[in-house]
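The following exercises are to be worked with the sequence and the model at hand. Each task is followed by a solution in steps.

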Amino acid sequence: MAVDTVRWGIVGPGRIAGKVVRDFAHLEGAEAVGVASRSAQRASDFATEHGIARTHDSYGALFADPEVDVVYIATPHPQHRAIALAAIAAGKAVLVEKAFTVTPAATREVVAAARAAGVFAMEAMWTRFQPAIVRLRELIADGAIGEVRAVQADLGVRQPYDPSDRFYDPAVGGGALFDLTVYPISLAQMVLGEPDSVLARGLLAPSGVDTEESVLLTFPGGRTASLFTSLQCLTPGQARVVGTDGWIDVPPRFHHPDRVVLHRAGKDPEEFLAPATGGGYFHELEEVSVCVRDGRTESAVMPLADTIAVQDVMGLVADQLGVHPQEGPAEL
Ligand SMILES: NC(=O)c1ccc[n+]([C@@H]2O[C@H](COP(=O)([O-])OP(=O)(O)OC[C@H]3O[C@@H](n4cnc5c(N)ncnc54)[C@H](OP(=O)(O)O)[C@@H]3O)[C@@H](O)[C@H]2O)c1
């Protein structure tokens, strides 16, 4: 597909969709042209609020809209699989919110479908596109901290137990794993690659979803990542990448930082300020729009192989914690 203005459709006008859509104001050559909700009223309200021209009262109707090139899937994670498969079958490029799916098998299924159809697909892991994270990768690649040995990261929020809340409801992918732990696992995968072992210990809520966990990943060469996430403890949300010649701090909150700080023995800390544009979602929207315009089927920054690697780790973490996520049906 080669198009001039990349035309986006929004699926699932909830909390995150409302934030992401604001960043289209910063984009050139891309536009949010349509929104689909299971409710005509919600689609219409969202369209009015955000100046979107076309509304659809079903996701399927948006997939059938010839004026839409890319679909942004912002429904709860157990609904991503069915919606992404339907969008891909209709020939649409897809940007799928994190967590991509709730099982590794479903991630492979969506990736296989996109590859077979030759359409673009990407996980909306916005962290990878933050200018400060781009700087982190450059510093590491330049050897600023020598050989990278370890990643440490935490991400905790205080979300008191409420079985009706999305965060604690298994039917909509509740639990720390898919909303929080996906971030430090993805950061570790970005820096260290695929782990050769995964150890996870944590706590379950009465609804059966995970409330809190520590995850230890080991990588070839004895490198490690130690990660802590929680739905019951507020934590700084800080990350640190440690190498043989120093370390780089990614200050809170590390999944959308505005700077990184380089520390080297015998030298003053060096701060690299690199704030995001808009709400920080602009960068992933720009990446997808450029890829689609250029007829590419994957992003080099957030490739599908990395999404599969992250989902494989999450699958092992889920097994070890004793949670049993199920891909849900989606109302199309
Ligand atoms: N990147 C980020 O910073 C970030 C932040 C928060 C969340 N997220 C991700 O974004 C996704 C959505 O999170 P959210 O907080 O925006 O959720 P939300 O506010 O509950 O919105 C989800 C939307 O999905 C639609 N939907 C479709 N099937 C549904 C079902 N069975 N149950 C409930 N809603 C359903 C609903 O829209 P209609 O009924 O109107 O169609 C709803 O408004 C999750 O995968 C989450 O991990 C990402």
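A residue is buried when its relative accessible area is under 20%, exposed when it is over 50%, and partly exposed in between. The model is predicted.

**Exercise 1.** Classify Arg7 by its accessibility, then describe its salt bridge with Glu67.

Solution. Step 1: Arg7 has a relative accessibility of 23%, and therefore counts as partly exposed. Step 3: in the salt bridge between Arg7 and Glu67, the closest N and O atoms are 3.3 Å apart. Step 4: Arg7 belongs to strand β1 and Glu67 to the loop between α3 and β4, so the pair ties together parts that are 60 residues apart in sequence.

**Exercise 2.** Determine whether Glu123 is buried or exposed, and identify the side chain with which it makes a polar contact.

Solution. Step 1: Glu123 lies in strand β6, residues 121–124. Step 2: its relative accessibility is 0%, so Glu123 is buried. Step 3: beyond its neighbours within four places in sequence, Glu123 is in contact with residues including Lys98, Phe100 and Thr307. Step 4: the side chain of Thr307 forms a polar contact of 2.8 Å with that of Glu123.

**Exercise 3.** Examine the salt bridge between Asp179 and Lys98.

Solution. Step 1: the closest N and O atoms of this pair are 3.6 Å apart. Step 2: Asp179 lies in helix α7 and Lys98 in the loop between β5 and α5, so the bridge ties together parts that are 81 residues apart in sequence. Step 3: both Asp179 and Lys98 are buried.

Key: Residues are numbered from 1 along each chain as its sequence is written. This is a predicted model: local features need pLDDT of at least 70, side-chain atom pairs count only at pLDDT 80 or more; totals for chains, interfaces and linings use all residues. Side-chain values use heavy atoms; hydrogens and water are left out. Helices (H or I, at least four residues) and strands (E, at least two) are DSSP runs, numbered from the N terminus. Buried means under 20% relative accessible area, exposed over 50%, partly exposed in between (1.4 Å probe, protein chains only). Contact means heavy atoms within 4.5 Å. A polar contact is a pair of N or O atoms within 3.5 Å; within protein, one must be able to donate a hydrogen and the other to accept it, and residues adjacent in sequence count only if both atoms are side-chain atoms. A salt bridge is a side-chain nitrogen of Lys or Arg within 4 Å of a carboxyl oxygen of Asp or Glu.
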